[in-house]
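Trainee: Please take one part of this model and walk me through it closely. I would like to look at the salt bridges.

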Amino acid sequence: MKITPGNTSRYRRVFFSAGLVAGILAGLWTFRGLIQDGKPPFWTEKVIKLIFGARLHLAGAEGRESFLFYDFESAEQIRAWHPSGSIQVTISSQNPLSGHSSARLDFLGGRYASAVCDNLLRSRSGGSDWRGFREFSLTAEASAEGPQLIALALTDLRGAQYREVMRLSAGQALRLSVPVDKIGRFMDTSRIDTVAIFSLNPPGRKSSLRFDDVGLKR
């Protein structure tokens with residue numbers, strides 16, 4: 001059809017709609033490429049939160065020298081750590097290990113009670129691939145109920161697992177740092193799936209543990 005002064009506005013609407021659709025498709029393709037490369041654009045987290053809201057708890061910030069999954073400075077961060085067994089998982093603002101708050105685990109006496117985080121690594125592109133980092137670390141502090149035996153368990157997507165045992169005396173705080181190369185001897189560090197902290201204390205014994213600053217360092 002020939003464009004005339006009478007139907008110009010119609011063609012403008014058609015061209016605008018076609019251009020808008022093309023722009024959206026190009027943007028989605030670019031976004032896909034960035035995610036595959038492990039380099040999401042700066043607005044990714046805001047858009048995902050806007051769409052999914054409280055159902056998704058995103059990992060923390062990535063810096064030049066670190067990738068901080070959780071510092072527990074906001075209440076929503078604790079929701080990514082799911083209790084398994086007789087345990088309570090909460091945020092503690094009393095004597096935080098750093099910042100204003102830490103995560104608190106109250107072991108209520110059940111065997112192998114644990115806090116499991118299985119979406120801190122899936123909720124942000126690049127979080128499951130640890131090969132570009134030197135070490136995984138977190139800070140832990142035992143309560144005053146006596147010595148504790150605590151285990152850190154890392155699992156990859158195939159089910160292979162690495163464990164690190166922490167022995168803490170009453171009230172002791174420590175910085176646990178595990179080389180990624182060491183973890184890689186037991187599992188695929190390019191496809192990390194879950195992180196868990198659980199108690200190896202005797203059944204029936206109650207205790208508590210606070211931990212903070214869960215992340216990776218280059």
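Mentor: Start with the term. A salt bridge is a side-chain nitrogen of Lys or Arg within 4 Å of a carboxyl oxygen of Asp or Glu. Side chains of opposite charge can pair when their charged atoms come close. Keep in mind that this is a predicted model. The structure holds 6 salt bridges. We will look at some of them.

Take Asp 129 and Arg 131. They form a salt bridge, and their closest N and O atoms are 2.7 Å apart. Now check how open each partner is. Asp 129 has a relative accessible area of 26%, so it is partly exposed. Arg 131 reaches 56%, so it counts as exposed; the cut-off for exposed is over 50%.

Next comes Arg 210 with Glu 141. Here the closest N and O atoms of the salt bridge are 2.0 Å apart. Arg 210 sits in strand E11, residues 207–217. Glu 141 sits in strand E6, residues 135–142. The two are 69 residues apart, so look for a link between distant parts of the chain. Both Arg 210 and Glu 141 are buried.

Now find Glu 164 and Lys 182. Their side chains meet in a salt bridge at 3.6 Å, N to O. Glu 164 counts as buried because its relative accessibility is 17%, and buried means under 20%. Lys 182, at 30%, counts as partly exposed.

How far can you trust the picture? The mean pLDDT of the chain is 76, and 67% of its residues reach 70 or more. Among the elements of the chain, helix H3 has the highest mean pLDDT, 96. Helix H2, residues 44–52, has the lowest, 36. Over residues 30–59, pLDDT stays under 50. The model has 35 contacts beyond four places in sequence for that stretch. Residues 1–8 also stay under 50, and the model has 6 such contacts for them.

The largest nonpolar core has 40 residues. Trp 81, Leu 105 and Ile 197 are among those with the most contacts inside it. Ile 197 touches Trp 81 and Leu 105, and its other contacts include Leu 209 and Phe 211.

Notes
Residues are numbered from 1 along each chain as its sequence is written. This is a predicted model: local features need pLDDT of at least 70, side-chain atom pairs count only at pLDDT 80 or more; totals for chains, interfaces and linings use all residues. Side-chain values use heavy atoms; hydrogens and water are left out. Buried means under 20% relative accessible area, exposed over 50%, partly exposed in between (1.4 Å probe, protein chains only). Helices (H or I, at least four residues) and strands (E, at least two) are DSSP runs, numbered from the N terminus. pLDDT is the predictor's confidence in each residue, from 0 to 100. Contact means heavy atoms within 4.5 Å. A nonpolar core is a set of buried Ala, Val, Leu, Ile, Met, Phe, Trp, Tyr and Cys residues joined through side-chain atoms within 4.5 Å.
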